[in-house]
Amino acid sequence: MSASDNAPALGPTDPFGDPLDPENRPARLAVGVVGTGRVGPALGAALQLAGHRVVAASGVSAVSRRRADALLPGVRLVSPPQVLAAADLVLLTVPDDALADLVAGLASTGAVRPGQIVVHTSGAHGVAVLEPATRAGALPLALHPAMTFTGTSVDLDRLAGCPFGVTAPPELRPVAEALVVEMGGEPEWVPEEVRPLYHTALAHGANHLVTLVAQAMELLRTAGVAEPGRLLGPLLGAALDNSLRSGDAALTGPVARGDAGTVRRHLGQLGAVSPDIGQAYRAMARATAQRAVRGGSLKEEAAAALLDVLNEETT
């Protein structure tokens, strides 16, 4: 049996219609959530707002159970196989490294039913990781919301217009895109073979941005600034907007200008205050210099002087 044999109809007249057309959205489904971390309850709640019904969820820690109670009130918390037994659509919202073992275990116990829609939200994986479930007749979808989650009702508002990285067999692409639209998101097709690179890009941008901002706030507090967020907010907001619009052309500051003396003074300050942040500064300054050279805003000789400073040993 092929995946298309089990595909749920998206509308009364055209099973593979335009997912943006309300008449071509999935029939109302019983939804189960395996993993009640920050993502699962929010997506489950979004599907409920779209008219589906979350019938069961599973969570291990006390925090995850409280989160499920808050976002999915009244939904019973049971084991993962029991979630699958109750649901037409299953959301697997567990950490990336736990996903393969979870899928294999559920498939080996016979918990997966033919025609069941099995969705994971891992950015790092496509649908290949769902192969054990697919062999059991499930319809595999990878729907990754490109957003950071808080695990609170705030996430529901943030889902409006949120891009989702979508990977699915071609015959299930309309189903995947329709579900994303129902959750308020915007589907972005990501081929299976580039899924790891897609996730690398997002993690590098979002996670390391948090680290950089936290480091800048730490240094400002050390410098006596009581509310570093007020100082950084407008500057970082403008920098982010400029970089998204203009890419490398948005580079400014002493590295992009080739001010090696200023960079040396920065490193001296960091060596005295926070050597760990100093190492991060060196790494980012090298990368910035390389990009500025490639973009033509920094001359090779100025970049060489900067790199000499950045490569100086600290004691």
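Me: Which residues does Asp-155 touch, not counting residues up to four places away in sequence?
Reply: Happy to look! This is a predicted model, where local features need pLDDT of at least 70, side-chain atom pairs count only at pLDDT 80 or more, and totals for chains, interfaces and linings use all residues. Residues are numbered from 1 along each chain as its sequence is written, and side-chain values use heavy atoms, leaving out hydrogens and water. With contact meaning heavy atoms within 4.5 Å, Asp-155 touches Arg-38, Ala-42, Met-147, Thr-148, Phe-149 and Thr-150.

Me: Which side chain of opposite charge is nearest to Asp-155?
Reply: Asp-155 is buried, that is, under 20% relative accessible area (1.4 Å probe, protein chains only). A salt bridge needs a side-chain nitrogen of Lys or Arg within 4 Å of a carboxyl oxygen of Asp or Glu. Asp-155 has none, and the nearest side chain of opposite charge, 4.4 Å away, is Arg-158.

Me: Which backbone nitrogen does the side chain of Asp-155 reach?
Reply: Asp-155 sits in helix α7, residues 154-158 (a DSSP run of H or I, at least four residues). At 3.0 Å, its side chain reaches the backbone nitrogen of Thr-150.

Me: How many residues does the largest nonpolar core have?
Reply: Such a core is a set of buried Ala, Val, Leu, Ile, Met, Phe, Trp, Tyr and Cys residues joined through side-chain atoms within 4.5 Å. Those with the most contacts inside the largest one include Leu-89, Leu-143 and Phe-164. Its residue count is 32.

Definitions and conventions
Helix = DSSP H or I, 4+ residues; strand = E, 2+ residues; numbered from the N terminus. Buried < 20%, exposed > 50% of the residue type's maximum accessible area, 1.4 Å probe, protein only. Lys, Arg positive; Asp, Glu negative; His and termini not counted. Polar contact = N/O pair within 3.5 Å; in protein donor to acceptor, adjacent residues only side chain to side chain.
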